Amino acid sequence: MSFLKMSSTIATPLCHIFSVLFLDGCLPETWKYAVHKKGPTSDPNNFRPISLTATCCGVMERIVNDILLRYLLDRRLISKQQHGFIRRRSVCTNLLDCLEDWTLNLQSRHATDVIFFDFKKAFDTVCHSKLLVKLKSFGISGNLLSLMEAFLCGRSQSVHIGSCIS
């Protein structure tokens, strides 16, 4: 996989670890511990469960994400209107598509209502059990689904303020 560049000294043991974790469908508890993401440490919202994880976990996340995304795109399980988290698509491409629709509606004298939502922290509020059901309905099962469930469930976090830990 071309997206990861690392020496074989670290790649070989990581590959073995990832293989064992995949076959077991579990993750080390320390990989599920959230750390401070950004912003003032005094704001509890900056310590969300979906946060920075251990570096090894981040590498594994990237591998799983790329494989899962390729699977979903190849089977056309992701709508063409999806712009977030898709290569060569972004907020800008989404706005360009919308602008084209609005312009066509304006030229055709069709009334158009536009509603804006702020989904900045949307993933933090996704119901994990519903996400897992959706993945299962897309044909994701077995060890991969178990691994994703292990990643999403049983996460922990703490807030450090001075010498106190929550």
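In what order do the elements of the chain run from the N terminus on? They run α-β-α-α-α-α-β-β-β, giving five helices and four strands. Helices (H or I, at least four residues) and strands (E, at least two) are DSSP runs, numbered from the N terminus. This is a predicted model, in which local features need pLDDT of at least 70 and side-chain atom pairs count only at pLDDT 80 or more, while totals for chains, interfaces and linings use all residues. Residues are numbered from 1 along each chain as its sequence is written, and side-chain values use heavy atoms, with hydrogens and water left out.

**Chain overview**

- Of the 166 residues of the chain, 23% count as buried; buried means under 20% relative accessible area, exposed over 50%, and partly exposed in between (1.4 Å probe, protein chains only).
- Among contacts in the chain with a separation of 6 or more, 56% come from residues 24 or more positions apart, a contact being heavy atoms within 4.5 Å.

**Packing of α1 against α2**

- The axes of helix α1 (residues 8–24) and helix α2 (residues 55–74) come within 11 Å and cross at roughly 70°. Axes are lines fitted to C-alpha atoms, for helices over the stretch in contact, and angles run from 0 to 180 degrees between N-to-C directions.
- Helices α1 and α2 are therefore roughly perpendicular to each other. Angles under 35 degrees count as roughly parallel, over 145 as roughly antiparallel, 65 to 115 as roughly perpendicular and the rest as oblique.
- The crossing of α1 and α2 is right-handed; the term applies if the near helix is turned clockwise from the far one by less than a right angle, and left-handed if anticlockwise.
- On α1 the contact is made by L14, F18 and L21, and on α2 by C56, V59, M60 and I63.
- By class, this contact of α1 with α2 has seven nonpolar, no polar and no charged residues. Ala, Val, Leu, Ile, Met, Phe, Trp, Tyr, Cys and Pro count as nonpolar, Asp, Glu, Lys and Arg as charged, and the others, Gly among them, as polar.

**Packing of α2 against α5**

- The axes of α2 and helix α5 (residues 142–152) come within 12 Å and cross at roughly 135°, and the two helices are therefore oblique to each other.
- The crossing of α2 and α5 is left-handed.
- Helix α2 contributes C57, M60, E61, V64 and L68 to the contact, and α5 contributes L144, L147, M148 and F151.
- The contact of α2 with α5 has eight nonpolar, no polar and one charged residues.

**Cysteines**

- Zero disulfides are found in a search of the whole structure, a disulfide being a pair of cysteine sulfur atoms within 2.5 Å.
- C153 is in no disulfide, and the nearest cysteine sulfur, that of C127, is 9.7 Å away.
- C153 counts as partly exposed, at 33% relative accessibility, whereas C92 is exposed, with a relative accessible area of 55%.

**Loop residues**

- I86 is found in the loop between α2 and α3 (91–107) and is buried, with a relative accessible area of 11%.
- Not counting residues up to four places away in sequence, I86 touches L69, L73 and I78.
- Most residues other than glycine have a negative phi.
- R76, in the loop between α2 and α3, has a positive phi near 55° and is exposed at 72% relative accessibility.
- R109, in the loop between α3 and α4 (128–137), has a positive phi near 60° and is exposed at 77% relative accessibility.
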